[in-house]
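Subject: Handover of a structure, with findings

Dear colleague,

Please find below the structure that I am handing over to you. My findings follow directly after it.

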Amino acid sequence: EPVIGLIGAMDAEIELLLGQLENQEQIVKAGISYLTGSIQGKRVVVCKSGVGKVNAAVTTQILIDTFGVSKVVFTGVAGALHPQLDIGDIVISASCLQHDMDVSPLGFARGVIPYQEVSDFPADAALVQLAEEACKALSVERYVVGKVLSGDQFIASRDTVKLLHEQLDGACAEMEGAAVAQVCYMNDVPYVVIRSMSDKADGSAHINFPEFTAKASERSYDIVYYMLNRL
Ligand code: ADE
């Protein structure tokens, strides 16, 4: 029976999943708690990676090596980069790119990992399609399938938003997706990232981040829950 890995970076992003997890067992590895069990009869491992690309990469490799997951779904919140996106809207990853990878002094375009064929890691087409189906079924007013940009920075300025959207074609900015994506790519494991917008990455997030994060996390969870039923 296949096992599906479900990752969030923060407690708010996984707590609703944990509420549905039956026959929970906890295994701790590299300081991360992995909760195994089932949701809607599907075998899953739910975990909180912590924030940032290194945490996300280690967590994903452990999901693959120790728990043998055959698919990875990341659920959580992000800052909107696409001008049409508002708080609560959804981005489904077409692909993920590390926006803070910058070897431009050596002539590499921003975001390009030197001496490597792929830097913009494509998500699994079937998982993307299923996520879209979920958005339609749940009457999510606005969602886009687009490029998720990840970096070890909380984006909080209009200028950076403009740059990331125009230069790198980012739909949203977060801090884990592209690390998960790269590890999945290296291991040939399908993945998708589902992000609900908690802020517009413009510097106003600190005012209501916890409140919007709770709401946005619920959105992202609803989509993942719908998907699980059909995986
Ligand atoms: N996650 C949620 N909002 C974000 C932002 N503005 N930048 C990076 N990660 C985020």
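This is a predicted model: local features need pLDDT of at least 70, side-chain atom pairs count only at pLDDT 80 or more; totals for chains, interfaces and linings use all residues.

Overall fold

The protein chain contains 6 helices and 10 strands. Along the principal axes, its C-alpha atoms fill a box of roughly 50 × 40 × 30 Å. The radius of gyration of the protein chain is 16 Å, which agrees with the value near 17 Å that a compact globule of 231 residues would have.

Surroundings of the ligand

Which residues surround the ligand? The shell consists of Val77, Ala78, Gly79, Phe154, Ile155, Ala173, Glu174, Met175, Ser198, Asp199, Ala201 and Ala205. Two or more of these residues come from each of strand S5 (71-80), strand S9 (170-174) and strand S10 (191-199). Strand S5 gives the most, with 3 residues. By class, the shell divides into 8 nonpolar, 2 polar and 2 charged residues.

Helix packing

Two packed helices are described by the angle between their axes and the distance between the axes.

1. H1 and H6. On the H1 side, the contact is made by Ala12, Glu13, Leu16 and Leu17, which meet Thr213, Ala214, Ser217, Glu218, Tyr221 and Val224 of H6. This contact comprises 6 nonpolar, 2 polar and 2 charged residues.

2. H3 and H6. Leu130, Ala131, Ala134, Cys135 and Ala137 in H3 meet Ile223, Tyr226 and Met227 in H6. The contact of H3 with H6 has 8 nonpolar residues, with no polar and no charged ones.

3. H2 and H5. Helix H2 (residues 53-65) and helix H5 (residues 177-187) pack with their axes 8 Å apart, at an angle of about 35 degrees. The crossing of H2 and H5 is right-handed. From H2, the residues in contact are Lys53, Ala56, Ala57, Thr60, Gln61 and Ile64; their partners in H5 are Ala179, Val180, Val183, Cys184 and Asn187. By class, there are 7 nonpolar, 3 polar and 1 charged residues in the contact of H2 with H5.

With kind regards

Conventions: Residues are numbered from 1 along each chain as its sequence is written. Axes are lines fitted to C-alpha atoms, for helices over the stretch in contact, and angles run from 0 to 180 degrees between N-to-C directions. Helices (H or I, at least four residues) and strands (E, at least two) are DSSP runs, numbered from the N terminus. A crossing is left-handed if the near helix is turned anticlockwise from the far one by less than a right angle, and right-handed if clockwise. Two residues are in contact if their C-beta atoms, placed from the backbone, lie within 7 Å. Ala, Val, Leu, Ile, Met, Phe, Trp, Tyr, Cys and Pro count as nonpolar, Asp, Glu, Lys and Arg as charged, and the others, Gly among them, as polar. A residue is near a molecule or strand if its C-beta atom, placed from the backbone, lies within 6 Å of it. The radius of gyration is taken over C-alpha atoms; the globule rule is 2.2 Å times the number of residues to the power 0.38.
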